[in-house]
Amino acid sequence: AIIITTDNLRDYVIRKGVDKNKVFEVPDGVDSEKFNPEISGIPIRKKYKLGKKQVVGFVGSLSKRQGLSILLDAAEKCKQQIPDIHFLIVGEGFEEHKLKDFVKDNKLEDTVTFTGAVSHNDIPIYIAAMDITVLPNMSIHSSPVKIFEYMAMAKPTIAPAQGQMNRFFENEKEILLIKPGDQEQLVSNILRLFSDPALKKRLGSNARYKVSNSYTWKHNAKRILEIYRTIHFSNSHI
(Lines give C-alpha, C1' and ligand atoms only; values in the text may rest on other atoms or scores of the structure.)
Protein backbone atom coordinates (compact mmCIF):
# COMPACT_ATOMS: atom_id res chain seq x y z
CA ALA A 1 0.00 0.00 0.00
CA ILE A 2 0.98 3.61 -0.50
CA ILE A 3 -0.10 6.10 2.17
CA ILE A 4 -0.82 9.61 0.85
CA THR A 5 -1.64 12.65 3.01
CA THR A 6 -4.24 14.26 0.70
CA ASP A 7 -6.86 13.19 -1.82
CA ASN A 8 -5.27 15.41 -4.49
CA LEU A 9 -1.95 13.61 -4.07
CA ARG A 10 -3.79 10.30 -4.14
CA ASP A 11 -5.40 11.22 -7.46
CA TYR A 12 -2.02 12.36 -8.82
CA VAL A 13 -0.36 9.04 -7.93
CA ILE A 14 -3.23 7.10 -9.51
CA ARG A 15 -2.93 9.17 -12.70
CA LYS A 16 0.72 8.15 -12.82
CA GLY A 17 -0.38 4.53 -13.14
CA VAL A 18 -0.51 3.18 -9.59
CA ASP A 19 -3.37 0.78 -8.86
CA LYS A 20 -6.03 2.87 -7.08
CA ASN A 21 -6.73 -0.03 -4.70
CA LYS A 22 -3.20 0.31 -3.33
CA VAL A 23 -3.36 4.04 -2.55
CA PHE A 24 -4.87 5.31 0.71
CA GLU A 25 -5.30 8.81 2.14
CA VAL A 26 -4.24 9.40 5.74
CA PRO A 27 -3.98 13.13 6.59
CA ASP A 28 -1.47 14.73 8.89
CA GLY A 29 -2.46 15.13 12.51
CA VAL A 30 -1.42 16.42 15.92
CA ASP A 31 -0.35 15.34 19.38
CA SER A 32 -3.30 16.80 21.28
CA GLU A 33 -1.52 16.47 24.62
CA LYS A 34 1.57 18.34 23.48
CA PHE A 35 -0.61 20.96 21.78
CA ASN A 36 -3.31 21.88 24.27
CA PRO A 37 -5.14 25.06 25.38
CA GLU A 38 -3.73 24.98 28.91
CA ILE A 39 -0.24 26.00 27.75
CA SER A 40 0.69 29.56 28.68
CA GLY A 41 1.81 32.06 26.06
CA ILE A 42 3.02 34.57 28.64
CA PRO A 43 6.75 33.74 28.23
CA ILE A 44 6.58 34.45 24.49
CA ARG A 45 4.54 37.62 25.00
CA LYS A 46 7.19 38.81 27.44
CA LYS A 47 10.07 37.81 25.15
CA TYR A 48 8.71 39.83 22.24
CA LYS A 49 7.17 42.60 24.36
CA LEU A 50 3.66 41.88 23.13
CA GLY A 51 1.94 42.70 26.42
CA LYS A 52 -1.82 42.70 25.89
CA LYS A 53 -1.68 43.28 22.14
CA GLN A 54 -4.14 41.53 19.83
CA VAL A 55 -1.89 38.89 18.25
CA VAL A 56 -2.44 37.28 14.86
CA GLY A 57 -0.07 34.36 14.36
CA PHE A 58 1.39 32.22 11.61
CA VAL A 59 3.65 29.17 11.99
CA GLY A 60 5.47 27.52 9.10
CA SER A 61 7.93 27.95 6.26
CA LEU A 62 8.15 31.44 4.81
CA SER A 63 7.49 30.30 1.26
CA LYS A 64 5.47 31.89 -1.52
CA ARG A 65 2.72 29.27 -1.47
CA GLN A 66 1.79 30.22 2.12
CA GLY A 67 0.57 33.66 1.03
CA LEU A 68 2.54 35.65 3.59
CA SER A 69 2.80 38.72 1.37
CA ILE A 70 -1.01 38.80 1.52
CA LEU A 71 -0.88 38.56 5.31
CA LEU A 72 1.54 41.48 5.58
CA ASP A 73 -0.65 43.58 3.28
CA ALA A 74 -3.53 42.66 5.57
CA ALA A 75 -1.46 43.74 8.59
CA GLU A 76 -1.24 47.24 7.21
CA LYS A 77 -5.01 47.43 6.70
CA CYS A 78 -5.90 45.81 10.05
CA LYS A 79 -3.64 48.29 11.86
CA GLN A 80 -5.92 51.10 10.73
CA GLN A 81 -8.88 49.48 12.53
CA ILE A 82 -7.09 47.89 15.50
CA PRO A 83 -4.12 50.05 16.61
CA ASP A 84 -2.83 47.46 19.11
CA ILE A 85 -2.87 44.52 16.66
CA HIS A 86 0.36 42.58 16.17
CA PHE A 87 1.44 39.88 13.71
CA LEU A 88 3.75 37.12 14.98
CA ILE A 89 5.44 35.19 12.14
CA VAL A 90 7.13 32.00 13.34
CA GLY A 91 9.51 30.24 10.96
CA GLU A 92 12.10 30.77 8.25
CA GLY A 93 12.26 30.31 4.48
CA PHE A 94 13.14 31.64 1.04
CA GLU A 95 10.73 34.59 1.26
CA GLU A 96 12.07 35.85 4.59
CA HIS A 97 14.26 38.69 3.25
CA LYS A 98 11.57 39.85 0.86
CA LEU A 99 8.95 39.89 3.62
CA LYS A 100 11.24 41.74 6.03
CA ASP A 101 11.96 44.33 3.35
CA PHE A 102 8.23 44.86 2.90
CA VAL A 103 7.81 45.40 6.64
CA LYS A 104 10.67 47.90 6.69
CA ASP A 105 9.53 49.76 3.58
CA ASN A 106 6.00 50.10 4.96
CA LYS A 107 7.11 51.05 8.48
CA LEU A 108 5.47 48.01 10.07
CA GLU A 109 8.33 47.12 12.42
CA ASP A 110 6.14 47.82 15.46
CA THR A 111 3.32 45.69 14.04
CA VAL A 112 5.12 42.60 12.74
CA THR A 113 7.61 40.31 14.51
CA PHE A 114 9.64 37.60 12.78
CA THR A 115 10.92 34.99 15.24
CA GLY A 116 13.09 33.01 12.82
CA ALA A 117 13.41 29.24 13.07
CA VAL A 118 11.95 27.66 16.21
CA SER A 119 12.31 24.10 17.50
CA HIS A 120 9.13 22.10 16.99
CA ASN A 121 9.15 21.30 20.72
CA ASP A 122 8.73 25.03 21.40
CA ILE A 123 5.97 25.67 18.87
CA PRO A 124 3.13 25.15 21.42
CA ILE A 125 4.22 28.10 23.57
CA TYR A 126 4.38 30.32 20.48
CA ILE A 127 0.88 29.33 19.38
CA ALA A 128 -0.29 29.89 22.95
CA ALA A 129 0.78 33.54 22.63
CA MET A 130 -1.54 34.04 19.65
CA ASP A 131 -5.16 35.19 19.79
CA ILE A 132 -5.95 34.26 16.19
CA THR A 133 -4.09 31.88 13.88
CA VAL A 134 -3.99 32.07 10.10
CA LEU A 135 -2.92 30.36 6.89
CA PRO A 136 -3.53 32.81 4.02
CA ASN A 137 -2.90 30.33 1.21
CA MET A 138 -1.81 26.73 0.57
CA SER A 139 -1.06 24.15 -2.09
CA ILE A 140 -3.99 21.90 -2.98
CA HIS A 141 -1.62 18.96 -2.43
CA SER A 142 -0.66 19.90 1.12
CA SER A 143 -1.94 18.68 4.46
CA PRO A 144 -0.95 21.59 6.73
CA VAL A 145 0.22 20.29 10.10
CA LYS A 146 -0.01 23.86 11.40
CA ILE A 147 -3.82 23.85 11.04
CA PHE A 148 -4.18 20.75 13.23
CA GLU A 149 -1.79 22.28 15.78
CA TYR A 150 -3.59 25.64 15.83
CA MET A 151 -6.92 23.92 16.33
CA ALA A 152 -5.67 21.50 18.98
CA MET A 153 -4.76 24.58 21.03
CA ALA A 154 -8.31 25.92 20.60
CA LYS A 155 -7.25 28.87 18.49
CA PRO A 156 -9.82 30.47 16.15
CA THR A 157 -8.34 29.83 12.73
CA ILE A 158 -8.65 31.37 9.27
CA ALA A 159 -7.62 29.18 6.33
CA PRO A 160 -8.18 28.75 2.57
CA ALA A 161 -11.37 27.02 1.45
CA GLN A 162 -9.69 24.29 -0.54
CA GLY A 163 -8.33 20.78 -0.24
CA GLN A 164 -8.69 19.18 3.16
CA MET A 165 -9.96 22.37 4.77
CA ASN A 166 -13.22 22.02 2.84
CA ARG A 167 -13.56 18.32 3.54
CA PHE A 168 -12.55 18.04 7.18
CA PHE A 169 -13.80 21.24 8.76
CA GLU A 170 -17.09 23.12 8.64
CA ASN A 171 -16.97 26.83 7.88
CA GLU A 172 -18.28 29.02 10.71
CA LYS A 173 -18.34 26.02 13.06
CA GLU A 174 -14.70 24.96 13.55
CA ILE A 175 -12.90 27.38 11.24
CA LEU A 176 -13.36 30.46 9.07
CA LEU A 177 -12.68 29.63 5.43
CA ILE A 178 -11.70 32.23 2.83
CA LYS A 179 -11.09 32.19 -0.89
CA PRO A 180 -7.41 31.18 -1.25
CA GLY A 181 -5.23 34.27 -1.23
CA ASP A 182 -8.15 36.68 -0.83
CA GLN A 183 -6.75 39.59 1.14
CA GLU A 184 -10.08 41.35 1.55
CA GLN A 185 -11.67 38.27 3.11
CA LEU A 186 -8.61 37.73 5.30
CA VAL A 187 -8.80 41.28 6.65
CA SER A 188 -12.56 41.19 7.23
CA ASN A 189 -12.35 37.88 9.09
CA ILE A 190 -9.49 39.04 11.30
CA LEU A 191 -11.47 42.17 12.20
CA ARG A 192 -14.60 40.10 12.71
CA LEU A 193 -12.92 37.73 15.16
CA PHE A 194 -11.46 40.53 17.26
CA SER A 195 -14.86 42.22 17.43
CA ASP A 196 -16.70 39.03 18.40
CA PRO A 197 -15.21 37.27 21.48
CA ALA A 198 -18.06 34.74 21.53
CA LEU A 199 -17.25 33.64 17.98
CA LYS A 200 -13.57 33.35 18.84
CA LYS A 201 -14.33 31.15 21.82
CA ARG A 202 -16.85 28.98 19.95
CA LEU A 203 -14.58 28.35 16.97
CA GLY A 204 -11.65 27.52 19.23
CA SER A 205 -13.63 25.13 21.38
CA ASN A 206 -15.17 23.35 18.39
CA ALA A 207 -11.80 23.12 16.67
CA ARG A 208 -10.17 21.52 19.70
CA TYR A 209 -12.99 19.00 19.97
CA LYS A 210 -12.83 18.09 16.28
CA VAL A 211 -9.10 17.45 16.02
CA SER A 212 -8.88 15.73 19.41
CA ASN A 213 -11.57 13.28 18.36
CA SER A 214 -10.59 12.72 14.73
CA TYR A 215 -7.12 13.96 13.75
CA THR A 216 -4.49 12.95 16.29
CA TRP A 217 -1.45 10.78 15.49
CA LYS A 218 -3.15 7.99 17.42
CA HIS A 219 -6.11 8.18 15.04
CA ASN A 220 -3.65 8.02 12.15
CA ALA A 221 -1.96 4.96 13.61
CA LYS A 222 -5.34 3.22 13.83
CA ARG A 223 -6.10 4.13 10.21
CA ILE A 224 -2.78 2.70 9.03
CA LEU A 225 -3.22 -0.48 11.07
CA GLU A 226 -6.67 -0.92 9.55
CA ILE A 227 -5.19 -0.55 6.06
CA TYR A 228 -2.58 -3.17 6.97
CA ARG A 229 -5.23 -5.56 8.28
CA THR A 230 -7.28 -5.13 5.09
CA ILE A 231 -4.25 -5.90 2.92
CA HIS A 232 -3.12 -8.78 5.10
CA PHE A 233 -6.61 -10.31 5.04
CA SER A 234 -6.82 -9.95 1.25
CA ASN A 235 -3.39 -11.49 0.70
CA SER A 236 -4.10 -14.39 3.03
CA HIS A 237 -7.02 -15.38 0.80
CA ILE A 238 -5.13 -15.28 -2.49
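**A working chat on the model**

Tutor: Let us begin with Pro27, whose place is in the loop between β2 (23-25) and α2; helices (H or I, at least four residues) and strands (E, at least two) are DSSP runs, numbered from the N terminus. This is a predicted model, in which local features need pLDDT of at least 70 and side-chain atom pairs count only at pLDDT 80 or more, while totals for chains, interfaces and linings use all residues. Residues are numbered from 1 along each chain as its sequence is written, and side-chain values use heavy atoms, with hydrogens and water left out.

Student: Is Pro27 buried or exposed?
Tutor: Pro27 counts as buried, at 6% relative accessibility. Buried means under 20% relative accessible area, exposed over 50%, and partly exposed in between (1.4 Å probe, protein chains only).

Student: Which residues does Pro27 touch?
Tutor: Leaving aside residues up to four places away in sequence, Pro27 touches Thr5, Ser143, Gln164, Phe168, Tyr215 and Asn220. Contact means heavy atoms within 4.5 Å.

Student: Where is Glu174, and what does it touch?
Tutor: Glu174 is in the loop between α7 and β8 and is buried, with a relative accessible area of 5%. Not counting residues up to four places away in sequence, Glu174 touches Met151, Phe168, Phe169, Leu203, Asn206, Ala207 and Lys210.

Student: Leu203 and Ala207 bring me to α9. Which residues of α9 are buried?
Tutor: Leu199, Leu203, Gly204, Ala207 and Val211 are buried in α9. They cover an arc of only 125 degrees around the axis, which puts them on the same side of α9. The arc is that of the directions from the helix axis to the C-beta atoms.

Student: Why would such a spacing put residues on one side?
Tutor: An α-helix has 3.6 residues a turn, so residues three or four places apart point the same way.

Student: What do the buried residues pack against, and which residues are exposed on the other side of α9?
Tutor: The buried residues of α9 pack against α6 (145-152), β8 (176-178) and α8 (183-195). On the other side of α9, Pro197, Ala198, Lys201 and Tyr209 are exposed.

Student: What span should α9 have?
Tutor: Helix α9 (residues 197-214) has 18 residues and should span 26 Å at 1.5 Å a residue; its end C-alpha atoms are 26 Å apart, which agrees. The expected span is 1.5 Å times one less than the number of residues.

Student: Changing topic, what is the volume of the largest pocket?
Tutor: The largest pocket has a volume of about 170 Å³. On a 1 Å grid over the protein atoms alone, a pocket is an open set of points where a 1.4 Å probe fits, with protein on both sides within 12 Å along at least five of seven lines; lining residues have an atom within 4 Å of a point. Grid points are joined across faces, edges and corners, and the volume is the space filled by probe spheres set on the points.

Student: Which residues lie nearest its centre?
Tutor: Of the 14 residues that line the largest pocket, Val59, Gly60, His120, Ile123 and Glu149 lie nearest its centre. The largest share of the lining, three residues, comes from α6.
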